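Please look through the sequence and the model below before reading on. The text then goes from the whole chain to single residues.

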Amino acid sequence: MQPLLKQNPVKEKNEPHWNTVITPRDRLLTLDWREIWRYRDMFTLFVERAFRTAYKQTILGPLWFIITPVLSVIVYVTVFGGVAKIPTDGVPPVLFYLLGISVWGYFASCLNSTSNSFVTNADIFGKVYFPRIIMPMVAVTTNLLVFVIQLAIFFAFYIYYVATGTELTIHWQVVLFPFLMLLLALMAMGFGMVFSSLTTKYRDLQIMLTKIISLWVYVTPVIYPMSLVTNPKLHLAMSLNPVTPVVEAIRFSLLGQGQFSWLWLGYSALVTTILLLVGLMLFNKVQKSFMDTV
């Protein structure tokens with residue numbers, strides 16, 4: 001008997017042919033910028049969606065971006081300036097608190113939004129492929145638009161005080177303002193990616209992060225100047241807060257009060273770099289299998 005010959009099956013015309021196979025990357029520090037650039041249109045759509053839905057179905061709509069910081073300033077000026085008599089180092093209290101609220105609010109909002117990247121977008125991640133790292137970038141960009149609006153309010157008050165004869169000093173370090181805000185955004189993004197990766201399994205960390213942020217503001221010179229902290233050990237402990245040098249540098253550059261230290265800014269940059277590396281590693285590791293746990 002002759003052996004049976006195995007013939008290769010003929011492919012049918014309608015058989016699907018895959019051009020692209022999506023597989024998770026093994027390298028934890030991989031960040032494909034070219035892929036992110038290819039999905040730039042989706043990034044823009046996500047930013048627009050997040051900005052529009054922030055106050056969707058509200059009567060005042062985007063006006064809340066203005067009302068919220070103004071109401072906060074009124075409360076801060078009344079309670080901390082009027083009742084507690086906390087000094088502002090000669091800076092008009094409205095400018096002092098408005099700048100601090102805007103800067104801290106941007107950091108806290110970026111941290112909150114980024115930390116929920118996996119949980120909030122689980123439905124989208126399960127249906128459509130795109131670089132997951134886009135969502136933390138969307139959070140940082142969307143909150144930046146809100147910060148720009150609040151910064152415009154700050155400059156409106158700034159012009160008013162200058163026009164009425166108040167002496168305010170702007171130092172040359174103001175040219176570093178965009179870099180200081182970038183440092184703050186990357187710091188929040190690093191923290192957020194770490195928490196976002198951990199909350200896929202441990203949801204109680206979301207509650208913990210909320211409590212951390214609510215307490216964190218009090219160890220950051222937002223409602224009081226750093227010069228008020230005279231105890232050397234306490235001053236050092238507060239300076240180790242990586243947000244403190246950035247807030248102080250921004251206040252120094254725009255209002256002429258505060259502390260500007262290259263050494264402490266270098267420390268903040270180092271902490272930010274470490275957070276970004278650790279956050280990226282955890283983010284890339286979790287995104288391989290997070291749909292099984294979310």
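Residues are numbered from 1 along each chain as its sequence is written, and side-chain values use heavy atoms, with hydrogens and water left out.

The chain has twelve helices and zero strands; helices (H or I, at least four residues) and strands (E, at least two) are DSSP runs, numbered from the N terminus. Of its 294 residues, 41% count as buried. Buried means under 20% relative accessible area, exposed means over 50%, and partly exposed is in between (1.4 Å probe, protein chains only). The accessible surface of the chain is about 17500 Å², and carbon and sulfur atoms account for 65% of that surface. Such areas come from the Shrake-Rupley method with a 1.4 Å probe; for residues, only the protein chains shown count as cover. Contact means heavy atoms within 4.5 Å. Among contacts between residues at least 6 apart in sequence, 80% join residues at least 24 apart.

How far can the coordinates be read? The predictor's confidence in each residue is pLDDT, from 0 to 100. Its mean over the chain is 82, and 85% of the residues reach 70 or more. Confidence is highest in α11, at a mean of 93, and lowest in helix α6 (residues 122-125), at 72. Over residues 1-8 pLDDT stays under 50, and the model has zero contacts there beyond four places in sequence. Where pLDDT is low, the predicted coordinates should not be read in detail.

Ser 253 counts as buried because its relative accessible area is 0%. Leaving aside neighbours within four places in sequence, Ser 253 is in contact with Thr 169, Ile 170, His 171, Gln 173 and Val 174. The side chain of Ser 253 also reaches the backbone oxygen of Ile 250, at 2.9 Å.

Helix α11 also holds Glu 248 and Arg 251, three residues apart, about one turn of the helix. Side chains of opposite charge can pair when their charged atoms come close. Glu 248 forms a salt bridge with Arg 251, with the closest N and O atoms 3.5 Å apart. A salt bridge is a side-chain nitrogen of Lys or Arg within 4 Å of a carboxyl oxygen of Asp or Glu, and by this rule the count comes to one. Both Glu 248 and Arg 251 are buried.

On the surface, Ile 59, Leu 60, Leu 63 and Ile 66 form a nonpolar patch with about 400 Å² of accessible area together. Patches are made of residues with over 30% relative accessible area and no salt bridge: like charges are joined within 9 Å, nonpolar side chains (Val, Leu, Ile, Met, Phe, Trp, Tyr) within 5 Å. Ile 66 lies in helix α3 (residues 64-83) and is partly exposed, at 34% relative accessible area.

The last stop is the loop between α3 and α4 (93-115), where Lys 85 lies. Most residues other than glycine have a negative phi. Phi of Lys 85, however, is positive, near 60°. Lys 85 counts as exposed because its relative accessible area is 61%. Asp 89 is in the loop between α3 and α4 too, and has a positive phi of about 55°. Asp 89 is partly exposed, at 28% relative accessibility.

Methods. Polar contact = N/O pair within 3.5 Å; in protein donor to acceptor, adjacent residues only side chain to side chain.
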